[in-house]
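Student: Could we go through this structure together, with each term set against its definition?

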Amino acid sequence: MRSHLEVALDFGSSLTKGVYQLNSGNPQLLIMSPKVVGTTSFGLQSMPTNGFLRTSANLAPETEAWVKWRKEETYYAVGQLAEQLYAPEGLKILKWQRAIPKLLAALWVIQQRHRQQLSRIRKLNVSLACLLPPGEYESRHLLHQAIEQIDSFETPTGMVQVGLKQFECYPECAGVLGLFQQQVTSASKTLAFIMMGYRNASLLVVRHGKLSMMLSSDLGFVRCTERVQEHSCGLEISALLPAMAEAAKTRNAVPYLNIVPYLEPPLKEQNARQLVELVEQAKTAYFHQLSQWLDEYIPLTEQPSLVFCGGTAETMQAQLNQYQPHLPHYYSSNLALADELERISTKNRARILDVCGTFEIQFARSVLAS
């Protein structure tokens, strides 16, 4: 028996996001923690909730993923298991350099989700479409070569054989770009796509339907959260990020009330109000940094349409609406997906739209402008 897996992956710094389809079935969503950390067999064996071999078939595979491939001596814990091993943020490591353990872990999670269907399958044949920041796009060939050399890898349930049948790599924002070109015909002849991620902010400029510029900066939303964390009462980024995103939607302090480390109601309320003010100050400072970078590279004299993408765009929408307000503004969250993808993208939609669009365009056999 044969199997064919089509998968699109975004190796994000705040989430690993994927959409896959097994043997022409319905598309499904894969979300994992972005953490990766190298360890040893002893390190895995010493985990209180996870032995060297898989502890229970009832556990979600996303919570206990580790991989090791033939030419690599290190075991890599990925996702929630990496968090238990105190994995660092990894924001100074290039995304493509951590892509292989994330990819292999994702493949194992998919295999475990469909283990009954794949019980008689010896080899998983994979067509892969992945996303890298524009600043790392030149490294796609190195990533391709590294993946091609892997024909099997070790996991908590034993060896997995894999064959790479197709490899495509696009710059981040390519999925949004493709959807936008299909759906919006009233935009300017010049388009500026601003992808606002956690680690990077990226810019793609499209002129007359053709990609003419792409670049990345270190001005991801982490620059904003760092300012808040420095002046807050020891809040962790893992709690602060979702609270900031929720507060941007609800426009109240309740999300901050839920994370401030005080038990007494008066102190909680006071600290939450202070946090609201602190977050707004940090977002304003971050917006000024980002605006100056965008002014330097966006061809403003061409009166481009501005397309803001990524989860940060929703969190920062009030500020982004003030950027070059005379120009047309679009937000990728307003773009539509194919019905089957729309059904699986209700949660974290803004953050997964790019990878959903990449999957739709790649495996619907459409062609991105190049």
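Student: Which residues in helix 6 meet which residues in helix 7?

Tutor: Cys224, Thr225, Val228 and Gln229 in helix 6 meet Ile237, Leu240, Leu241 and Met244 in helix 7, where contact means heavy atoms within 4.5 Å. This is a predicted model, in which local features need pLDDT of at least 70 and side-chain atom pairs count only at pLDDT 80 or more, while totals for chains, interfaces and linings use all residues. Residues are numbered from 1 along each chain as its sequence is written, and side-chain values use heavy atoms, with hydrogens and water left out.

Student: Why is helix 6 called roughly perpendicular to helix 7?

Tutor: Helix 6 (residues 222-231) and helix 7 pack at an angle of about 115°, with their axes 11 Å apart. Angles of 65 to 115 degrees count as roughly perpendicular (under 35 is roughly parallel, over 145 roughly antiparallel and the rest oblique), and therefore helix 6 is roughly perpendicular to helix 7.

Student: What classes of residue make up the contact of helix 6 with helix 7?

Tutor: The contact of helix 6 with helix 7 has six nonpolar, two polar and no charged residues.

Student: Which element gives the largest share of the lining of the largest pocket?

Tutor: Helix 7 does, with eight residues. The largest pocket has a volume of about 1,200 Å³, and of its 45 lining residues, the closest to its centre are Ser14, Leu15, Tyr198, Leu241 and Arg351. A lining residue has an atom within 4 Å of a point of the pocket, on a 1 Å grid; a pocket is an open set of points where a 1.4 Å probe fits, with protein on both sides within 12 Å along at least five of seven lines.

Technical notes
Grid points are joined across faces, edges and corners, and a volume is the space filled by probe spheres set on the points. Helices (H or I, at least four residues) and strands (E, at least two) are DSSP runs, numbered from the N terminus. Axes are lines fitted to C-alpha atoms, for helices over the stretch in contact, and angles run from 0 to 180 degrees between N-to-C directions. Ala, Val, Leu, Ile, Met, Phe, Trp, Tyr, Cys and Pro count as nonpolar, Asp, Glu, Lys and Arg as charged, and the others, Gly among them, as polar.
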